[in-house]
Structures are given as C-alpha cells and as structure tokens.
Amino acid sequence: MKRKEILEQNISRMVKSAGDSNRPSDAFCDSLVDRAIAELDAPDTDQVQRKRKSFMRIRFLKITAYAAGILVICGIGASVLLQTFTSQSDRGERAINDSDPLYYRLPAKSIEGEESPLVRESRKFAQRLRDQDKPRPMMPKPAMKRIMLAPVMKSKIPPPPMLQKTTSQPASSPSRSPVIGKPYVPSEAPNRHPMAHGGTTPPNAEAYDAMFFKNYGVNPFVDTDDDHLSTFATDVDTGSFTVCRRYLLDGNLPPNDAVRVEEFVNYFDYGYAAPQEDTFRIYAEAAPWSEWTGRQNSYLVRFGLKAMEVSDANRKPAILTFVIDVSGSMNRENRLGLVKKSLRMLVKRLRPKDKIGIAVYGSQGRKVLDHVNVKKKKKILAAIDSLQAGGSTFAEQGIRIGYEMADVAYKEGCINRVILCSDGVANVGRTGHEQILEVIKDKADKGITLSALGFGMGNYNDVLLERLGDKGNGYYAYIDTIDEAKRLFDGNLTGALQVVARDVKIQVDFNPEVVRSYRLIGYENRDVADDKFRDDKEDGGEMGAGHSATALYEIKLWQDKTGPVATTYIRYKDPDTRQVTEFNSQIATADFHESFDEATDAFALAAVVTEFAEVLRKSYWAKDKTLDDVLQRAQQLSKKFEEDTDAIELVDLISRAKKIMPPHSSDKQTGENEDVFVDP
Amino acid sequence: MPVAENAEQLRPAALADDAETWRALLKRAIPMIYGLFVRRRLNPGLAEELVQQTVFDAVRGRGSFDAGKGTAEQWMLGIARNNLALEMRKRATRPSLDGDISTYLAGIDTAPLPDEVLEKAETARLVRAALDELDEREQKVLRAKYLDDLPARTIAQGMGITEKAVHSLLYRARNSLREKLKILHPLNEEEAK
C-alpha cells in the first residue's frame with residue numbers, strides 16, 4: 001500500500017475510534033445494504049459452499065494419493081527384504097563356491113557390482129521420491145515476440161535510439177542477481193506472477209521490473225531562417241505524469257524516458273474558459289524567461305486550446321466495451337481490484353440508457369457480459385466483481401473479442417468506445433502489435449474508438465498503451481489509485497467519453513523578422529510534417545468535451561525587434577460530419593508581459609511544471625538547473641493555489657524528487673540535436 | 001421450530017433472492033452486529049470490516065440458513081460471533097504490542113496501525129485532543145468524511161465549496177492531524193518538560 005493510502009487509512013480509523021457512537025453511520029449502512037443486494041445477483045452466489053466442496057474433494061484426493069504412496073513403499077520394502085533373504089542364500093552358494101564366508105553378510109549385492117532387479121527398482125524409486133522435492137528444469141520456451149516500435153519521428157528531427165528496455169530491481173533487495181539474457185520461463189505455480197517479458201528480477205538498481213518506455217529525444221532550437229513552421233498533433237494524455245508520480249511516491253526517480261513534458265503540463269488545470277458557441281477557444285501568453293534559462297532574449301510562450309463543454313445531460317448515449325486484462329500479473333498489488341473499483345465508479349456515473357459489455361483476456365480471451373443497459377447495474381457490477389486474475393496475457397484475442405462485441409452493439413450517433421484496462425501488454429499474440437494497431441485504427445475510422453487505461457508498476461508497457469490510445473482516437477491514462485480514477489471518471493466523464501474534435505493539429509508560423517529561433521517543449525512524439533498540416537488524411541489528436549491542451553515554446557527574439565511574433569493555426573474535423581475547420585490567432589511582442597512576475601498564476605504554474613519535467617528528464621536545455629531551483633519557485637507559487645490539490649501535490653512531488661535525485665548527476669543529458677547558439 | 005416473537009422477524013421461507021426482504025433484514029441486523037463488535041471493545045474501523053464480512057458471508061451462504069434453528073437475525077449474529085472468534089484467534093497468535101503508542105504514531109504514514117493501538121483509550125484521547133486543535137473547517141471535513149462517511153459531493157454542498165476544494169481540504173486536514181499527533185503524543189510531551 002502506498003504511503004498516502006496508508007496515512008488516509010490510519011487517519012480514517014483513528015477518527016472513527018475517537019467517535020463515541022455505538023451505531024454505524026447511515027451512509028455506511030446504506031452502502032453496505034446496496035452492495036449486499038447486488039451480491040444477490042452475482043454469479044456463483046453459493047461460492048462459499050462450492051469452495052468448501054472443492055476443498056474437500058482436493059483433500060480427499062491428496063489423502064488417497066498419500067495412502068497409495070505409503071502402500072507402494074511398504075510393498076517395495078517388503079520385496080527388498082524378501083529379495084535380501086533369497087539372495088543371501090544365493091550368495092551362500094557362491095560364497096561356498098568362492099570360499100569366502102564374508103559374502104554371507106553383504107547387504108543387497110550378491111556379487112560385487114551386481115544388483116538384483118528389485119533392489120535396482122527400489123533404488124530408482126527412492127531417487128524419484130527425492131527428486132520430487134527439487135524443482136524440475138523446464139525446457140525454455142522460445143522468447144516471446146518483442147514489441148519493437150518503429151520510430152515515430154518525422155521531418156527534421158532524426159530518428160531516436162532503438163527502444164530501450166528498463167529492467168529494475170527493488171531498492172530494498174540489492175542482493176538479487178541480474179538475470180538479463182535468461183530465456184523466458186513461464187511459471188507453473190498458480191500463485192506466482194507470470195514473469196515479465198524482457199526481464200525477471202530487475203538488475204541495475206532500477207525500481208521496477210520490465211517497465212517499457214521510449215526515448216523520443218528532446219526538441220532542439222530551430223532557426224526560423226531554416227524553418228519557421230512548427231507543426232504537431234494535440235495530446236490530452238496524462239499517463240506519463242501519473243506514472244512518474246507513482247515512481248516518486250514510491251521513493252524512486254522515474255527513468256528519463258518516462259517523462260513526456262506535454263503530459264505533465266496537460267495534467268494541470270489552467271482555468272481556461274470554455275467557448276460559448278465555437279468548438280475551440282485559443283489562449284496565448286508570453287513572458288521573459290531568461291531569468292530561468294540563463295539564455296539571452298529568451299521568452300516562454302504558452303498556447304492553450306480549450307474545447308467546448310457538453311453537459312452530462314446533453315452527452316450522447318455511450319456504448320462502452322470494457323476489455324480487461326485478467327492475466328496473473330494483475331494480482332500484483334491487487335491491480336485487478338483497482339480496475340474493478342474504477343469500473344464500478346464509472347458504471348455508477350453512467351446513465352440508464354448507456355450500455356456496457358465486458359470481455360477479458362488471460363491465457364484466452366472471452367466474453368463475460370453481452371452489452372446491457374446500465375439500468376441493469378446489478379448485473380454489470382456482479383460481472384465486474386466476478387473477475388479473477390490468472391494465466392498469461394493473450395491480449396490480441398481479448399481486444400479482437402472486444403471489438404467484435406463493439407461491432408455488434410454499434411449504433412450511429414452514440415459514443416462507441418472500447419476501454420482497455422491493462423498493466424502492460426506483454427504478449428500481443430502471434431500476429432504482432434502492428435496488426436493490432438491497424439485493426440484499432442481501422443475501427444477508430446469507422447467510429448469505434450479506444451482508450452487505454454494503465455494499471456500497476458512492474459511489467460508495464462507505457463509505449464504500447466500510449467500507441468493504442470493514440471491509434472484508437474481515444475486517450476491514454478494511468479491509474480495508480482482510486483483518487484486518480486475519480487479524477488478521470490468523476491471529474492469530467494463527458495470529456496473522457498465524448499469527442500468534440502478529431503485529428504486536431506496545430507501549426508505555429510513564426511515571423512523570422514522578429515523571432516530568431518524557437519524550441520517546442522515536449523510533443524516530441526506528436527510531430528507532424530509541416531506540409532501535412534492540411535492533409536486531412538494525416539492523423540492528429542482527439543479532444544473530448546471540456547478538454548484542454550497546452551503547448552509551450554521557448555523562443556529567442558532578435559535583439560530590439562518588435563512586431564508580430566507568430567500566427568497559430570488550428571485545424572480539426574467534426575467527429576460526426578468529418579467537416580474540416582481551420583482558424584488562427586496571432587500574438588505580437590506588444591502582447592508580451594514586461595517581466596515574468598507580471599504573468600498570470602496559471603502561466604507561472606505551467607512554467608514550473610515544464611521546468612520540473614525538463615529537469616527530471618535531464619533535458620539538455622535544463623542542464624544547469626536543479627530541483628532546488630524548481631522547488632523554490634513551486635513553493636512561492638503554491639501560496640496562490642491553496643484550493644488546488646494538484647498544485648499542492650506538485651510541490652510535494654518536486655520535494656520528493658529533490659531528496660532522491662543525486663546532487664550533481666553525471667548522467668548524460670537527453671538531447672541529441674542541440675543547436676547551441678552563440679549569442680551576439 | 002421457534003415461534004416468531006413479533007411480526008417483523010423474518011420468516012424463513014423468505015430467505016431467497018428477494019431484495020426487499022433482505023434490505024429489511026440487513027437494516028435491522030447491521031446495527032445489532034456492529035453493536036456486538038463495539039461492545040467487545042473492537043475499534044470502529046475493524047468493527048465495520050467484520051460487519052461487512054458477516055453480511056457477505058450471510059448473503060453468499062444463505063442456502064445454509066436453517067429455519068428450525070432460529071430467526072434470520074439470530075443466524076446472522078451467529079455468523080458474527082464466529083467471525084469475532086476468528087479475529088480473536090488471529091490476535092492471540094500475533095506478538096503483543098511492542099513499545100507505547102507513540103512508536104506506532106510516529107510511523108503513521110508508513111504502516112497500518114495495529115487494531116490494539118486503536119482500541120486503547122489513550123489513543124482515542126490523543127486523537128480527540130489533536131482534532132480539537134485543528135481549525136474548524138479541517139475538523140468539520142474530517143468528521144464528515146470519516147465519522148459520517150459522507151461522499152465529497154455531499155460534504156461540498158454542506159460546506160458551500162467545490163468538490164475539488166473538499167479534496168484539497170481533506171488533504172491538508174490529514175497532514176495537519178498527523179503533525180498535531182506528533183506534537184501531542186506523550187513522548188514529545190515528556191521531552192518538552
């Protein structure tokens with residue numbers, strides 16, 4: 001259990017103990033009664049009796065097996081004794097023949113080197129009994145297909161390094177030996193977690209085993225004389241932030257590759273007001289940033305895009321298909337328990353006419369519940385509660401079954417979505433990940449989107465889950481606690497479900513007369529070729545109702561130049577009609593704040609989050625910065641965000657990271673293409 | 001077969017899947033079972049856990065109810081006593097408390113507090129004193145959340161703030177209570193003298 005959860009549990013129990021009532025609260029009684037009534041409809045409701053019968057049956061079989069074993073041993077023992085006596089008489093004849101009276105007293109062996117068949121058999125049997133206690137060597141299975149993703153980078157940024165697998169070892173058990181290179185050996189013991197592909201006991205003092213992240217590089221400064229256009233797809237995913245938060249709350253530093261700056265930035269609420277009539281509203285703000293960066297004429301520019309809001313009452317009906325990973329690894333840290341709690345919460349927020357279907361996958365994929373209306377809540381909750389973890393991870397089959405169900409239940413004008421809940425898709429089956437991604441993309445184009453929800457640390461594939469969410473025209477989120485599930489499903493459920501704009505792309509056209517160079521901070525894996533901005537077949541990002549996306553640039557202006565700085569173009573499709581809309585907005589130096597302190601609190605918050613992410617991922621552009629610097633700014637800012645739990649938590653996370661991070665890290669900075677300017 | 005003492009006691013034949021009958025039974029039985037545990041000096045958090053355990057055991061094992069042996073409430077109380085006995089047996093095998101409660105309170109965010117610590121009168125006194133030192137809003141939100149078990153939405157409506165502000169207030173209140181306990185627990189008081 002995590003520290004925050006332990007504290008909350010202890011506080012809860014202590015406060016209850018300090019109360020002096022002999023009655024439970026009404027809320028407790030009502031909630032328990034409702035859950036108990038739901039249990040009436042659960043499948044296998046006589047679980048206790050069936051378990052008891054099954055237990056008795058197993059006991060009986062065990063007793064019978066032991067008794068049979070004892071009888072066999074006694075029988076063999078008796079035979080041995082019989083053989084000994086008979087062979088002694090034989091030996092006696094030979095001894096007479098050999099003239100050596102000692103042979104009479106030799107056990108078992110009648111003539112040296114010769115054993116009687118019965119003795120030989122009993123010796124072999126005894127050896128077999130001894131061998132049963134030793135682990136049997138397994139024939140290694142062929143290594144499972146590794147998930148190697150092609151680099152996503154296009155245009156001017158060179159391809160990143162190949163997929164880097166991070167295997168890790170719990171800090172508390174340094175004595176474990178590294179096992180890199182050992183073949184995959186599946187576990188047969190029912191209670192052991194299937195070993196993660198790519199790593200078992202983690203080496204190299206890493207925090208968790210088999211965590212898969214990808215290094216997408218760090219955007220360089222781009223000279224506007226070379227290229228004044230910056231184009232990318234929007235992103236509302238938050239998985240990177242929540243994964244890194246989990247690392248920090250567990251007392252570990254996240255790997256550099258786990259940090260995606262845009263997902264850190266987009267986790268926070270900057271208070272953008274929603275448009276009244278249009279689909280989007282765009283915000284722009286800029287302020288000097290040299291004080292932080294140490295680079296002359298450096299400015300931070302923030303663009304914010306806010307999507308229209310849709311009330312819960314006006315939300316389209318939802319037809320959701322849960323595809324749930326119930327492989328053995330979901331037993332770790334009770335991940336499946338968290339999945340169930342999260343889905344129960346989601347079910348309770350849905351409307352009676354919404355529909356839910358459930359498919360699962362472990363060693364096999366299967367349907368658990370055909371689509372039913374949410375008004376049959378008990379049936380849905382019972383199906384969720386009945387899920388148990390075990391077996392390997394045949395994700396491909398589970399996802400296919402989920403899509404087959406979604407196809408059958410598909411209805412025009414509704415939100416048709418597959419929600420994948422997994423801790424990491426170690427084995428996507430024989431056909432490989434690209435085929436699955438193609439299927440998902442194809443279905444998304446036809447109107448069945450997919451969102452990927454990640455759970456658990458260790459055996460977790462961030463790379464693939466993010467791609468699934470991206471290809472599925474949905475989103476990717478990581479859920480480590482029930483609070484995060486509440487945030488996702490309780491906070492803005494309509495936004496989580498209803499897409500208001502598809503293939504959203506942004507192109508910023510910098511004015512080379514005023515702007516010398518620019519650097520997009522983050523979005524490295526969302527790059528779009530400049531000439532594809534108006535290609536409507538080119539994939540962009542999806543944005544749900546009420547969602548916002550923030551993009552930050554560091555720009556350097558020519559000395560003493562003023563005037564128009566940039567025109568920002570937004571292009572997107574209507575999710576229903578596929579009609580394309582484009583609009584733009586300008587920002588000029590006259591709109592810039594005179595100093596950083598004049599900027600809004602939301603701007604300052606975005607800057608601190610960016611600085612934190614840049615230091616954590618060891619960005620070249622923050623190489624002279626430490627978390628001390630970030631923490632100071634965060635603490636000053638937090639006084640203005642007393643009502644914002646996320647901002648308060650940010651300070652805590654920076655503080656934790658500061659305690660863990662070595663004072664002068666000698667790790668190589670992340671950033672392959674550093675355009676280092678020589679300032680005039 | 002025992003005669004029903006009053007018309008409200010459940011008739012054996014109704015212990016099937018009838019939701020309304022079960023609802024009526026549970027509304028009567030839950031406070032009785034809870035009272036049983038609290039009178040045996042179990043802390044309220046543990047009492048709630050055992051009540052839940054008892055209720056689910058009853059629902060799942062309803063086929064084993066024998067009308068000839070008593071009413072449904074009596075049957076459920078029997079299950080409750082069994083669960084209580086199991087809990088006591090578990091405690092007997094655990095090592096006794098090592099050190100005074102301050103040792104445990106110092107680790108309030110690293111390990112669950114043992115039930116025995118929560119059941120000490122000294123702990124309750126300390127927690128009440130710490131709660132009284134918090135500011136009014138923090139006290140109110142902690143009591144609403146943990147004594148009254150109200151959801152954040154209801155608390156927000158009652159306090160006239162947003163749900164997000166409730167979460168934020170809870171976060172601060174928990175941390176404040178932790179700090180107050182550290183200041184107030186006996187070890188620190190002795191050192192201060």
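Let me start with two helices of chain B, helix 1 (residues 19-39) and helix 3 (residues 72-93), whose axes come within 10 Å and cross at roughly 40°, where an axis is a line fitted to C-alpha atoms over the stretch in contact and angles run from 0 to 180 degrees between N-to-C directions. Helix 1 of chain B is therefore oblique to helix 3 of chain B, since angles under 35 degrees count as roughly parallel, over 145 as roughly antiparallel, 65 to 115 as roughly perpendicular and the rest as oblique. Helices here are DSSP runs of H or I with at least four residues, and strands are runs of E with at least two, numbered from the N terminus.

This is a predicted model, in which local features need pLDDT of at least 70 and side-chain atom pairs count only at pLDDT 80 or more, while totals for chains, interfaces and linings use all residues. Residues are numbered from 1 along each chain as its sequence is written, chains are lettered from A and ligands numbered from 1 in the order in which they are written, and side-chain values use heavy atoms, with hydrogens and water left out.

Turning to chain A, six strands form an open sheet of mixed pairing, in the order 9-8-7-10-11-13, and two strands pair if DSSP finds at least two bridges between them. At the edges are strand 9 (365-373) and strand 13 (476-479) of chain A, each of which pairs on one side only. Within chain A, strand 7 (residues 318-325) and strand 8 (residues 355-361) run parallel and are joined by seven bridges, and Phe322(A) stands opposite Ile358(A) of strand 8.
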